Amino acid sequence: MTHTAVGWHVELEFEEDEQRTRAAALVRLRDGSEVRAHGYAKRHPSDSNQPRVGEEVAGARALNELAMKLLTKAHDEIDEVSGRTSHPLTP
């Protein structure tokens, strides 16, 4: 039995100001396609300015959206190959 090692590299980029953090996530797949997602965080005015926390929240939200897009992509590919509607894939 042959095993092929496959790796994905997920890129995360952040844009921040004193109130908001925006995260952009990107993964390039073996088939040459790219899946992108975004996440946002907004600091409450009474909270202290902690950019790392904003990155964690925005990054987690972007990764969550990325995961859902990957599940949807896989689900659509299963349907396309099988010629039928499959049960939804859930996290």
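**Sheet, helix and pocket in a predicted model**

Strand 1 and strand 2 are paired in the antiparallel sense, with seven bridges between them. The structure described here is a predicted model. A hairpin of three residues joins strand 1 to strand 2. Among the bridges, Glu15 has Arg22 in strand 2 as its partner.

The sheet as a whole is open and consists of three strands in the order 1-2-3, with antiparallel pairing. Strand 1 and strand 3 stand at the edges and have a single partner strand each, so one side of each lacks a neighbour in the sheet. From one strand to the next, the twist averages 15 degrees.

Helix 1 packs on this sheet and touches strand 1, strand 2 and strand 3. The direction of the helix makes about 145 degrees with that of strand 3. Helix 1 comprises 32 residues, from residue 51 to residue 82. Helix 1 is followed by Gly83, which has a positive phi, near 75 degrees.

The buried residues of helix 1 are Gly54, Ala58, Gly59, Ala62, Leu66, Leu70, His75 and Asp79. In an α-helix there are 3.6 residues a turn, so residues three or four places apart point the same way. The buried residues of helix 1 pack against strand 1 (10–16), strand 2 (20–28) and strand 3 (34–42).

Open space in the model was also examined. Rolling a probe the size of a water molecule over the atoms shows where empty space is left. The largest pocket holds about 250 Å³ of space. Its lining is made up of 18 residues, and those nearest the centre of the pocket are Lys42, Arg43, Gln50, Val53 and Gly54. Strand 2, strand 3 and helix 1 are the elements that give two or more residues to this lining. Helix 1 provides the largest share, with four residues.

How values were computed: Residues are numbered from 1 along each chain as its sequence is written. This is a predicted model: local features need pLDDT of at least 70, side-chain atom pairs count only at pLDDT 80 or more; totals for chains, interfaces and linings use all residues. Side-chain values use heavy atoms; hydrogens and water are left out. The expected span of a helix is 1.5 Å times one less than its number of residues. Buried means under 20% relative accessible area, exposed over 50%, partly exposed in between (1.4 Å probe, protein chains only). Contact means heavy atoms within 4.5 Å. Two strands pair if DSSP finds at least two bridges between them. Axes are lines fitted to C-alpha atoms, for helices over the stretch in contact, and angles run from 0 to 180 degrees between N-to-C directions. On a 1 Å grid over the protein atoms alone, a cavity is a set of points where a 1.4 Å probe fits but cannot get out, and a pocket is an open set with protein on both sides within 12 Å along at least five of seven lines; lining residues have an atom within 4 Å of a point. Grid points are joined across faces, edges and corners, and a volume is the space filled by probe spheres set on the points.
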